[in-house]
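Take a look first, then we'll dig in.

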Amino acid sequence: MAKDGEKQFIYIVQASLEPSKCKIGKTNDLERRLKEYNSMTGKSKENIYQYLFACEVKDMTRVENAIKEQFTTLREEKSREIYFYNTPLFDEYVNFIKSHKMYAREIIIRTEEKKEVVKIVKRITPSLEERGVSRKEILQKAQRIENDEFYTRYEDIEKELSMYNKRIWKNKVVFCNCDDAVDDNEKNTSAFSLFFIKNFNKLGLKKLICTHYSGTVDLFNQGVNGYIFTKDGFNELKEHPKGYTGSFDHPLSLKILNEEADIVCTNPPFSRAIDYWRITISSGKKFIIISNITNPITPAFIPYFKKNKVWAGYNRIDYFLNPKKQLVDAAGHWYTNIPIKDRTKSKNLKIIPLKHIPEKYKKYDDSGMLIVDNCYIPDDYEKSFAVSARPILNGLLEKGYKIIQGTQYFPYEDGKKCFGRVLVQKI
Ligand SMILES: C[S@@+](CC[C@H](N)C(=O)[O-])C[C@H]1O[C@@H](n2cnc3c(N)ncnc32)[C@H](O)[C@@H]1O
């Protein structure tokens, strides 16, 4: 209880060796409180507490209680003052405190080190056209050279996930299994983790589990490869075997997938897409994930589309962020096994009698197979015909057509091999 005339403060403090946590509390004496933190018994000398933010308020108990109530999911389960920390969440805490009617004035805000300025530089490299490469080639190249460090933009996640009925999330356990919920030196928090943390209550989630890969040597994160959020608070994924890498195919990650998760949501590493799809689809769990736009015509994935184990989500992804936070061209698409209502893109399909399809968009290859382009689809053709990925992404398989061959089809025109397609037929 503050004595009359005594100043009241709310602060956010962080220990240098605990990057995933901060403490939010109240005090009448900022200096003394910081000394107390730094002289706590059992604290190592290297683990220095510093204020990230402090402000004067008119009623610190009211503000503190409001914070506890607002950020329940982000409080460490056992503790009243420990909160989950990453840079974007820090902004949320500060904004919340500053907008409280008991807020008086800012005293300290640490911006330079803690708050990384996320600068988005739009394409500093030559455009794809200038370089003569297609978006598709970019992701295929990433797959070949195992460059997985492309990050999904928050806005792309929001755009896609807002399309699904909110009821799908109610009381569900969401598993983001390629997603770091905490900042590290090179990159920022995964936008997937952030999206679900921020919308935890709105979506009515039961639990959010975020795991991330850090290879076999984990020098900086001291073995923490995952975080669990519930409505009662957050916890580190501590109960893991020695040497847990956080890999989506590690036995512990598979256990979470098979025994706990209801919905898996992430952008997995491109270089491991084939394994990721096999594991995720065979788990039988619901998923909303990002992958290459060409998957519907790529041999490893065609069988899943054929057997209706997966279909396109609503949107494509044209940009990712690289570790420097620059926009880079992408050729991604959302894929899911959750029903898609009112697929707006199906309007792009032009399903009409064969004779009305313009000549330039229909041809027969050397073996007499019909090939149609530009999303033209014959509605009176009984035999199979070849299409590109686009009609599949636009929902052709929901319009009374099926894939009839689990492999890629390569047309030959005048003996010349053309790009691969997939064979479909009217049901
Ligand atoms: C395309 S990035 C996307 C990252 C994040 N999910 C997002 O959407 O921004 C794929 C991430 O998976 C990580 N990764 C690589 N191998 C992995 C594995 N075996 N298990 C889990 N994640 C892995 C990479 O380090 C990379 O950060």
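Q: In which sense do strands E6 and E10 pair?
A: In this predicted model, local features need pLDDT of at least 70, side-chain atom pairs count only at pLDDT 80 or more, and totals for chains, interfaces and linings use all residues. Residues are numbered from 1 along each chain as its sequence is written. Strands (E, at least two residues) and helices (H or I, at least four) are DSSP runs numbered from the N terminus, and two strands pair if DSSP finds at least two bridges between them. E6 (residues 173–176) and E10 share two bridges, and the sense is parallel.

Q: Are the residues on the two sides of E10 buried or exposed?
A: In a regular strand the side chains alternate between the two faces of the sheet. For E10 (residues 263–266), Ile263 and Cys265 sit on one side, Val264 and Thr266 on the other. Buried means 20 or more other C-beta atoms within 10 Å of a residue's own, exposed 12 or fewer, partly exposed in between, with C-beta atoms placed from the backbone. By that count, these four are all buried.

Q: Which strands stand at the edges of the sheet?
A: Eight strands make an open, mixed sheet, in the order E9-E8-E7-E6-E10-E11-E13-E12. An edge strand has a single partner, so one side of it is left without a neighbour in the sheet; that applies to E9 (233–236) and E12.

Q: What angle does the direction of H6 make with that of E12?
A: The buried residues of H6 (residues 154–161) are Asp156, Ile157, Glu160 and Leu161. They cover an arc of only 115° around the axis (taken from the directions from the helix axis to the C-beta atoms), so they're on the same side of H6. H6 packs on the sheet, touching E11, E12 and E13, where contact means C-beta atoms, placed from the backbone, within 7 Å. With axes fitted to C-alpha atoms (for helices, over the stretch in contact) and angles running from 0 to 180 degrees between N-to-C directions, the angle is about 165°.

Conventions. Contact = placed C-beta atoms within 7 Å.
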